[in-house]
Amino acid sequence: MESALDYWSAKALLEWQVELGATEALSEAPIDRYSLQPSAPQKTASNKSRTPEPAVEKPKPVDPVAVARKAAQAASSLPALKEAIAGFEHCGLKRGARNLVFSDGQAGANVMVIGEAPGRDEDLQGKPFVGRAGQMLDRMLTAIGLSRSENVYITNVLPWRPPQNRDPQAEEIAMMMPFLERHVALAQPDFLVLMGNISCQAVLGKRGITRLRGNWDQAWGKPVMPMFHPAFLLRQPHQKRQAWADLLELKARLNRARPTKETN
Ligand code: URA
């Protein structure tokens with residue numbers, strides 16, 4: 001439609017509207033902007049020559065606990081579980097450790113000892129409890145007729161040494177727990193012995209070893225005996241009396257469970 005206004009009339013009309021306070025130029029008829037097709041982006045001097053970038057899909061964040069659970073469940077034997085742990089790349093401790101520390105002792109024994117994490121000696125040898133704390137553990141076991149060469153199986157909550165033997169972090173424990181749970185299921189012990197606070201926190205979800213020790217608990221459907229960690233007993237020898245009481249309680253329970261195979 002041709003405009004009836006000449007240039008000067010239109011200019012005067014516009015100036016009058018601006019004087020009245022008009023700040024925007026609107027069309028006479030409303031526009032339904034929801035029904036408009038989105039227009040292609042305008043080419044500017046800076047983007048004119050660029051080729052469009054391919055759409056890159058953002059990688060989904062990995063859930064290390066879910067990865068561990070899947071890997072652990074797929075392991076149908078202890079060697080397969082060891083291999084699954086060795087192939088697990090989400091725990092930072094692995095990169096600082098010399099060796100994977102999986103287990104020692106007799107797979108299938110009715111007592112399974114669960115320690116905290118490898119120290120320097122264990123990291124070097126790739127076996128749990130082989131340093132001073134390990135020698136202390138061996139003496140404790142011998143005192144009630146048990147030994148890793150005959151009737152005890154040993155592992156740790158964590159299979160890699162934390163740097164400077166620092167306490168394991170909650171996320172490190174959480175991502176390794178599916179492997180520990182599978183480890184217990186495959187080793188099939190009748191009794192679990194938890195050494196120290198970290199193991200109690202990981203397996204029972206409870207801390208406070210002074211209160212927990214010596215009292216039977218339950219995990220994964222098995223009786224659990226929390227005890228002072230052998231390394232703690234080396235630092236606090238006067239606590240050995242309590243540890244001895246706990247060992248006697250373990251021995252009595254083992255003898256009740258298998259009266260024909262009494263330990264010394
Ligand atoms: N302390 C632990 O808890 N585990 C070991 O293997 C050695 C020391």
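This is a predicted model: local features need pLDDT of at least 70, side-chain atom pairs count only at pLDDT 80 or more; totals for chains, interfaces and linings use all residues.
1. S4 and strand S6 (residues 222-227) run parallel and are joined by 4 bridges. Met195 is also one of the buried residues of S4.

2. Stay with S4 for a moment. Which residues point to each side? Phe191, Val193 and Met195 lie on one side, Leu192 and Leu194 on the other. Both faces are covered.

3. On to the link between S4 and S2. These two strands run parallel, with 4 bridges between them. Phe191 of S4 is the bridge partner of Val111. Phe191 is buried as well.

4. Strand S2 (residues 111-115) also pairs with S3. The sense is parallel, and the pairing extends over 5 bridges. Here Gly115 stands opposite Asn156 of S3. Keep both residues in mind for the ligand site: Gly115 and Asn156 are among the residues that surround the ligand.

5. S3 (residues 152-156) is mostly covered, with 5 of its 5 residues buried. Val152, Ile154 and Asn156 point one way from the strand. Tyr153 and Thr155 point the other way, and these residues too are buried.

6. How do S1 and S3 run relative to each other, parallel or antiparallel? They run antiparallel, and 2 bridges join strand S1 (residues 104-105) to S3. Tyr153 of S3 is the bridge partner of Gly105.

7. Now put the strands together. The sheet is open and has 6 strands, in the order S1-S3-S2-S4-S6-S5. Its pairing is mixed. S1 and strand S5 (217-219) stand at the edges. Each has a single partner strand, so one side of each is left without a neighbour in the sheet. As background, strands of a sheet pair through backbone hydrogen bonds, either parallel or antiparallel.

8. The ligand site comes next. Gly115, Glu116, Ala117, Glu122, Pro128, Phe129, Asn156 and His229 surround the ligand. A polar backbone atom of Glu116 is 2.7 Å from an oxygen atom of the ligand. A backbone N or O atom of Ala117 is 3.1 Å from a ligand nitrogen atom.

9. How much of the ligand does the protein cover? On its own the ligand has 240 Å² of accessible area, and the protein covers 92% of this.

10. Aromatic pairs: the count comes to 3. One of them is Phe88 with Phe179, an edge-to-face pair with 5.2 Å centre to centre and 70° between the planes. Why does this pair matter for the fold's connections in sequence? Phe88 lies in the loop between helix H3 (78-86) and helix H4 (93-96), while Phe179 lies in helix H7 (residues 170-187), so the pair ties together parts that are 91 residues apart in sequence. Phe88 is buried, at 3% relative accessible area. Phe179 is buried too, at 2%.

11. Phe228 and Phe232 form another pair. Their ring centres are 4.8 Å apart and their planes lie at 45°, so the pair is tilted. Phe232 is partly exposed, at 22%.

12. The ring belongs to Trp216, and the charged end of Arg253 sits over it, 4.6 Å from the ring centre.

13. Last, the loop between H3 and H4, which also holds Phe88. Glu89 is found there. Its relative accessibility is 45%, so Glu89 counts as partly exposed. Phe88, by contrast, is buried. Glu89 and Ala68 are 21 residues apart in sequence. Their C-alpha atoms are 9.6 Å apart in space.

How values were computed. Residues are numbered from 1 along each chain as its sequence is written. Side-chain values use heavy atoms; hydrogens and water are left out. Rings of Phe, Tyr and Trp (its six-membered ring) pair if their centres lie within 6.5 Å; planes under 30 degrees apart count as stacked, over 60 as edge-to-face and the rest as tilted. Buried means under 20% relative accessible area, exposed over 50%, partly exposed in between (1.4 Å probe, protein chains only). A charge sits over a ring if NZ of Lys or CZ of Arg is within 6 Å of the ring centre and within 35 degrees of the ring normal. Two strands pair if DSSP finds at least two bridges between them. A residue is near a molecule or strand if one of its heavy atoms lies within 4 Å of it. A polar contact is a pair of N or O atoms within 3.5 Å; within protein, one must be able to donate a hydrogen and the other to accept it, and residues adjacent in sequence count only if both atoms are side-chain atoms. Accessible areas come from the Shrake-Rupley method with a 1.4 Å probe; for residues, only the protein chains shown count as cover.
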